[in-house]
Amino acid sequence: MNAIVTVIGKDRVGIIADVCGLLAKNQVNVLDISQTVMQDYFTMIMMVDVSGAQLPFSELVKLLEEEGKAVNLSIRAMREDIFNAMHRI
Amino acid sequence: MLSRSEILQTIDMIDQQHLDIRTITMGVSLLSCCDPNPETACRKVYEKITRSAERLVQTGEDIEREFGIPIVNKRISVTPMALVAAASDTGDYVPFAKAMDRAAHTCGVNFIGGYSALVHKGMTEADRKLIQSIPEALSETELVCSSVNVGSTRSGINMDAVRLLGQTVKKTAQRTADRDSLGCAKLVIFCNAVEDNPFMAGAFHGVGEAERIINVGVSGPGVVYHALQSVKGRPFDEVAETVKKTAFRITRMGELVAREASRRLDTPFGIVDLSLAPTPAVGDSVARILEEMGLEVCGTHGTTAALALLNDAVKKGGVMASSSVGGLSGAFIPVSEDEGMIAAARAGVLQMDKLEAMTCVCSVGLDMIAVPGDTTADTIAAIIADEAAIGMVNNKTTAVRIIPACGKGVGDTVEMGGLLGAAPVMPVHRESAADFIARGGRIPAPLHSLKN
């Protein structure tokens with residue numbers, strides 16, 4: 001199953017490393033990354049595959065949110081289906 | 001592959017524009033709970049509801065987390081209780097409401113609807129007992145919602161029921177006077193009630209429905225308002241097109257959630273109700289959408305036309321997105337629950353008569369309107385009759401949810417709290433309709449041909 005992960009936070013060294021480390025630790029495979037810095041704010045959108053993750057998706061969402069908060073990042077994971085439903089017929 | 005802008009658009013709708021699933025409502029048939037012994041019947045009611053909706057709240061929360069879309073309410077609707085209680089040898093139906101209330105608390109839902117009676121053509125003994133018990137039932141329970149259908153296009157308007165409900169609304173207000181007459185916010189009087197409405201307070205599980213069903217209500221006035229800002233000053237064709245496209249996206253999301261909930265709860269998927277249901281939060285108002293179309297204040301001349309366009313475009317977008325659009329689908333105009341409506345009513349621009357005109361072109365009707373506490377039962381019955389007539393003649397659902405605020409007058413405000421909001425007390429005509437209401441009987445169904 002694919003999910004969309006969005007990351008927002010004040011730009012600093014190692015954000016991508018932090019997030020990717022967290023994902024790797026949970027067996028989440030990164031498929032695509034798009035990233036930019038807007039007025040000092042780092043924003044990243046990732047498409048990930050969570051089929052290999054040991055945690056159920058709802059717990060993974062919670063974990064990413066909490067771990068993100070600990071390093072001053074807002075990390076949100078949502079199932080890809082919701083975007084497809086809205087934007088693809 | 002999804003584009004960056006599409007992803008950000010969806011996230012923005014949820015974060016900034018109050019897009020949410022307003023309710024997942026599970027309909028449960030209670031016809032199997034009938035029993036001559038009222039205590040046994042109440043026990044069966046409690047057990048069936050709690051067994052059926054055991055996982056409803058948990059499932060709703062799981063979906064909320066995984067999809068990242070807020071699901072504001074989880075609710076239950078049941079078979080009109082007058083039909084279930086009719087089999088029991090008792091004159092007191094309040095225990096049935098209490099059984100519903102206990103079941104709702106056990107399941108963790110925030111409302112349960114279906115303390116209802118369908119009396120559009122005539123009243124059975126059970127219907128009468130239920131209607132007479134409404135004031136007590138609503139004052140002694142917390143989560144129970146009640147509705148009564150008093151008219152339909154096919155059968156006309158039952159004016160005996162209308163008169164009785166005028167008194168019922170008054171008594172309900174008096175019994176809950178210490179809570180700003182809150183009981184009246186949980187009582188809806190319908191014409192042409194729908195059987196699969198997921199929204200409260202008017203939800204009940206129709207007799208033509210399955211054993212259990214999942215209905216989902218989607219909302220999003222904020223999203224429509226935001227979308228309209230991109231077509232400022234453009235012709236109405238473009239306005240309609242923009243609303244349609246937005247409604248389409250919202251409904252697709254609703255259908256996805258409905259199907260997921262239905263799968264996880266192993267309960268058939270009923271309908272998606274695409275209603276622009278406002279909340280008192282700033283940026284989640286239907287009135288502000290109408291104002292965005294170019295009206296200085298909602299309620300001024302032009303409001304009815306603007307609402308007609310909005311309501312129709314919402315439906316058109318919705319039906320393209322799901323083959324199971326149902327319920328009330330359209331735009332709601334509950335005064336106390338809409339920040340823009342509250343402001344317009346406070347300013348004296350939005351009046352009762354204009355609201356009545358607006359109900360001719362949008363879904364539902366005179367909703368969450370506070371009137372002076374000294375308004376008579378006859379006047380309330382007459383307001384109900386007017387609204388039912390609009391529904392009957394125009395082949396649409398109309399409803400009245402009116403609050404005669406005990407001890408308050410024009411200029412005062414009724415505070416309901418939460419999603420129910422706050423309603424400024426609006427003036428009503430002081431001239432009597434008592435002789436009109438005293439007649440009773442039935443207003444015949446309208447002609448279905450010679451439509452001019």
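Analyst: Helices, of at least four residues, and strands, of at least two, are DSSP runs numbered from the N terminus. The model is predicted.

User: What is the phi of A:Gln27, and where is the residue found?

Analyst: A:Gln27 is found in the loop between H1 and E2 of chain A. The residue is not a glycine, yet phi is positive, near 60°.

User: Is A:Gln27 exposed, partly exposed or buried?

Analyst: A residue is buried with 20 or more other C-beta atoms within 10 Å and exposed with 12 or fewer. A:Gln27 has 14 C-beta neighbours inside 10 Å, so the class is partly exposed.

User: Within what arc do the buried residues of H1(A) fall?

Analyst: The buried residues of H1(A), residues 15-25, are A:Ile15, A:Asp18, A:Val19 and A:Leu23. An α-helix has 3.6 residues a turn, so residues three or four places apart point the same way. Seen down the axis of H1(A), the buried residues line one face because they fall within an arc of 125°.

User: How many residues does chain B give to its contact with chain A, and which helix supplies the largest share?

Analyst: Chain A gives 17 residues to the contact and chain B gives 16. On the chain B side, H1, H3 and H9 each supply at least two residues. That side divides into 7 nonpolar, 2 polar and 7 charged residues. Its largest share is 5 residues, from H1(B).

User: How far apart are the C-alpha centres of the two domains of chain B?

Analyst: The domain assignment gives domain 1 as 23-191 and domain 2 as 217-441. In the contact between them, 40 residues of domain 1 meet 41 residues of domain 2. The C-alpha centres of the two domains are separated by 22 Å.

User: Which element gives the largest share of the side of domain 1 of chain B that touches domain 2?

Analyst: The elements of chain B giving two or more residues to that side are E1, H3, E4, E5, H7 and E6. By residue type, the side comprises 22 nonpolar, 13 polar and 5 charged residues. The largest share, 11 residues, comes from H7(B).

User: Within what arc do the buried residues of H5(B) fall?

Analyst: H5(B) has 14 residues and reaches 20 Å from its first C-alpha to its last, close to the 20 Å expected. Its buried residues are B:Phe96, B:Ala97, B:Ala99, B:Met100, B:Ala103, B:Ala104 and B:Cys107. They line one face of the helix because, seen down the axis of H5(B), they fall within an arc of 155°.

User: What is the omega of the cis peptide bond at B:Ala201?

Analyst: B:Ala201 lies in the loop between E6 and E7 of chain B. A cis peptide bond joins B:Met200 to B:Ala201, with an omega of about 10°.

User: Is B:Val207 buried or exposed, and which residues does it touch?

Analyst: B:Val207 is also found in the loop between E6 and E7 of chain B. B:Val207 has 12 other C-beta atoms within 10 Å, so the residue is exposed. Not counting residues up to four places away in sequence, B:Val207 touches B:Thr79 and B:Leu83.

User: What is the phi of B:Asp266?

Analyst: B:Asp266 is found in the loop between H9 and E8 of chain B. With 9 other C-beta atoms within 10 Å, B:Asp266 is exposed. Phi of this residue, which is not a glycine, is positive and near 50°.

Note on methods: Residues are numbered from 1 along each chain as its sequence is written. Chains are lettered from A and ligands numbered from 1 in the order in which they are written. This is a predicted model: local features need pLDDT of at least 70, side-chain atom pairs count only at pLDDT 80 or more; totals for chains, interfaces and linings use all residues. The expected span of a helix is 1.5 Å times one less than its number of residues. The arc is that of the directions from the helix axis to the C-beta atoms. Two residues are in contact if their C-beta atoms, placed from the backbone, lie within 7 Å. Ala, Val, Leu, Ile, Met, Phe, Trp, Tyr, Cys and Pro count as nonpolar, Asp, Glu, Lys and Arg as charged, and the others, Gly among them, as polar. Domain bounds come from an automatic or database domain assignment.
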